[in-house]
Amino acid sequence: MNHSDDTHSSEGAGLSTPVGTRRTFFHWVTVAAAGFVGMGLAVPLLGSLISPALSRRKRDWVDVGGVAELPLGRPMQLDHVTTIRDGWMETKAQKAVWAVRRSESEVQVFSPICTHLGCGYRWDDGAQKFLCPCHGSSFDVNGRVTGGPAPRPLDVLPSKVEGGRLLVMYKDFKSGLTESVEL
Ligand code: FES
């Protein structure tokens, strides 16, 4: 019987290793190693492509004006342009906020959206209240509900004072809820 070199080693029968089987084994080890290397490269690449799409809307701090220009205790509407990053999309939007200067360096900033169903409201000097034209909600200078169907106080926006400038991070909140929930 002819034992081919492709199928058996020249060693004794008890210690022989089939060459074909060994080649197949090394082939699959190489394929597996290449697969692991490929995955190692692909996963971070895929992550970097997908993560911006899955990430929440990101906003920046925006300079909305000098603190010294705000009167003490009287709400002022401050208009500004903010950049919104939503996944890969970057858009600029015109926004307004209501700022109330409490002291020389302390300012509270409210979202300009009524917490009832999302209308814009304004400060009324005569009534000393924020008034919403849609369904009659009103809020005092601290943002507390004083009348109408609004289910919660005005939403407070993150703000800080740096070098005499007021910085605000604009955010949107769900309307109609008793708790402040960011969109
Ligand atoms: S949206 Fe302001 S009272 Fe309804």
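Let's start with the order of elements. From the N terminus on, the protein chain runs α-β-β-β-β-β-β-β-β-β-β-β. That gives 1 helix and 11 strands. Helices here are DSSP runs of H or I with at least four residues, strands are runs of E with at least two, and both are numbered from the N terminus.

A word on the source. This is a predicted model, where local features need pLDDT of at least 70 and side-chain atom pairs count only at pLDDT 80 or more, while totals for chains, interfaces and linings use all residues. Residues are numbered from 1 along each chain as its sequence is written, and side-chain values use heavy atoms, with hydrogens and water left out.

Now the chain totals. The protein chain has 183 residues, and 30% of them are buried. Buried means under 20% relative accessible area, exposed means over 50%, and partly exposed lies in between, with a 1.4 Å probe and protein chains only. The accessible surface of the protein chain is about 11500 Å². Carbon and sulfur atoms hold 59% of that surface. These areas come from the Shrake-Rupley method with a 1.4 Å probe, and for residues only the protein chains shown count as cover.

On to charges. How many salt bridges does the structure hold? The count is 10. The criterion is a side-chain nitrogen of Lys or Arg within 4 Å of a carboxyl oxygen of Asp or Glu.

Let me go through some pairs. Arg152 bridges to Asp155, with the closest N and O atoms 2.9 Å apart. Are these two residues buried or exposed? Arg152 is buried, at 3% relative accessibility. Asp155 is buried too, at 4%.

Then Arg122 and Asp124. Their side chains meet in a salt bridge at 3.4 Å, N to O. Arg122 is partly exposed, at 46% relative accessibility. Asp124, on the other hand, is buried, at 18%.

Another pair is Glu162 and Lys160. Their salt bridge spans 3.5 Å, N to O. Glu162 is partly exposed, with a relative accessible area of 43%. Lys160 is also partly exposed, with 29%.
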